[in-house]
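Please consult the sequence and the structure while reading.

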Amino acid sequence: MDPLSLSPPRAQHRHTAFTLSGGSGSGPGPGSLPRAPAGTELRMSREQKAVERARKAFATGRTKSVEYRINQLKNLQRLIEERHKEISDALKKDLSRSEVGTSLYETIGLEGEIQLVIRNLAKWAAPRPAAKNLMTLSDQVYIQPQPLGVVLIIGAWNYPWAVTIQPLIGAIAAGNAAVIKPSEVSVHTSKVMEELLPLYIDKEMYPVITGGVSETQELLKQRFDHIFYTGNCAVGKLIMEAASKYLTPVTLELGGKSPCYIDKNCDLTIACRRIAWGKYSNCGQTCIAPDYIMCDSSIQDRVIEEIRKCVKEFYTDDPKSCPDYGRIINQRHFKRVMALLQDSTVAVGGENDESQCYIAPTVLKDVNPEAKVMQEEIFGPLLPILTVSSVDEAIKFINEREKPLALYIFTSDNKLIQRMISETSSGGVLANDCLVHYSVSSLPFGGVGNSGMGSYHGKYSFDHLSHLKGCLIKQLKMEGANQMRYAPHTTKKLSWARFFLLKETQLSKLGRLALLAILAVVTAVIIQRYFAN
């Protein structure tokens, strides 16, 4: 979700960067799985062994049981409840996040997701009736969700529990095995995950692999049935390249520069309060944080002052000493974010301390679209303001750039909201607030274009990580109705085929029985009149 160098030795934004050298080559034939030759177990890498164990565990069939899946989810819930202190302590070391912040931004959402899945899993996993036409009226027509197999989940460091465990919840719910790769950038949290997850959930089915570039490269040489990656666009392309070797489907949760348009006629006090919260939470290291503001020049100064007030209210006069204000993840990212300030004017904040990876909540005014801060996702506590003369100019500006993960609109004009939804493309839209659409399990969360592909949360996670198998069960009866499809073909057969295949049925059970009886009579007449020798 933010730019990064692809040189392997360096830790990268939200996940590690890597190349695919040594990972190419032709794969096995259709339907086959990569297996080590007999006697080479000792030469297998740690990553290959973990994938093999997960695949063997999946082959036992135990994940097919809804009860098994629910037990695993309950154990995951127990982990979050019983080990909250270890989770919080690690996040304090990684991101200077408070214990309350850990609950608010990481674990409450996971607990809610687990509870939602447990309540609904039996229904989601059951066969789903599908619509019939006249030709299938007496048949069984349904959709059967089935597990994909072994899923690779590559997490990110900015919300390491939320964006790693939430996909895992979906993978477990759908009956998959999963190999979990937490980001090594959040080093303390990665270690806690490695230690705790095997104590609570099936360690053969859900192994945790820690490490950096080389470990990720080695994982991507293995065959998976789905890869779920949260990170940035540059690495997302490498994930897709690796996945193409086995035609593995991917989910890419990326990011981009999410715009925030403020209408001059809205309540600026409330708007700026919500924007300041959305931008400076987690020190701006949020994939759906408002990346920049667009507003009329007549309200720019008011916006700056309102945000200044909010920063003081949220984080006191000294955010550096406030326990609720975080830190940049490491010094490399600190330097990257500070470099973005070079050609812009600071209106609020700007204070920094490299030794603590501290950057104050900062607002930049009169920002030029060509400024350095506008060329990449910021992923830090810098908030540029660009002035635009109209909503038309704002829409044009958005549409000339890569599609963002989120679009924020602040206005009391519902027609304007609907217009921006209609005339722009983004992963999601939120009017008059920031971030909170992520918490709505009934909405799919995901990007479009450069901001990602695929979506998850709630039932969307279950469906996305399942194979929805179409099933049609017929009987070896009523063969006369099939005569219209067999050669020799005639125009009369075609007209009957059009009637049976194109006619939709929306009947009650009693109506279907009545229609079935009528069709039996019609079929007998057709056979007698047109097909009898």
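## A charge over a ring

The charged end of Arg 401 is placed over the ring of Phe 397, at 3.5 Å from the ring centre. A charge sits over a ring if NZ of Lys or CZ of Arg is within 6 Å of the ring centre and within 35 degrees of the ring normal.

## Basis of the model

This is a predicted model, in which local features need pLDDT of at least 70 and side-chain atom pairs count only at pLDDT 80 or more, while totals for chains, interfaces and linings use all residues. Residues are numbered from 1 along each chain as its sequence is written, and side-chain values use heavy atoms, with hydrogens and water left out.

## Aromatic pairs

The whole structure contains 13 aromatic pairs. Rings of Phe, Tyr and Trp (its six-membered ring) pair if their centres lie within 6.5 Å; planes under 30 degrees apart count as stacked, over 60 as edge-to-face and the rest as tilted. One of the pairs, Trp 496 with Phe 499, is edge-to-face, with 6.1 Å centre to centre and 85° between the planes. Both residues belong to helix H15 (residues 491-502), three residues apart, about one turn of the helix. Helices (H or I, at least four residues) are DSSP runs, numbered from the N terminus.

Trp 496 also pairs with Phe 500: the ring centres are 6.1 Å apart and the planes stand at 35°, so this pair is tilted. Trp 496 is partly exposed, at 25% relative accessible area, whereas Phe 500 is buried, at 2%. Buried means under 20% relative accessible area, exposed over 50%, and partly exposed in between (1.4 Å probe, protein chains only). Elsewhere, ring pairs join Phe 228, Tyr 438, Phe 445 and Tyr 456 into a cluster.

## Nonpolar cores

A nonpolar core is a set of buried Ala, Val, Leu, Ile, Met, Phe, Trp, Tyr and Cys residues joined through side-chain atoms within 4.5 Å. The largest has 136 residues, and Leu 168, Ile 262, Ile 293 and Ile 307 have the most contacts inside it. Helix H4 (residues 99-125) gives the most to this core, with seven residues. Apart from this core lies another, of five residues, including Met 135 and Phe 500.

## Two packed helices

Helix H2 (residues 66-82) and helix H5 (residues 162-173) have axes that come within 9 Å and cross at roughly 160°. Axes are lines fitted to C-alpha atoms, for helices over the stretch in contact, and angles run from 0 to 180 degrees between N-to-C directions. H2 and H5 are therefore roughly antiparallel, a term for angles over 145 degrees.

Note on methods
Angles under 35 degrees count as roughly parallel, over 145 as roughly antiparallel, 65 to 115 as roughly perpendicular and the rest as oblique.
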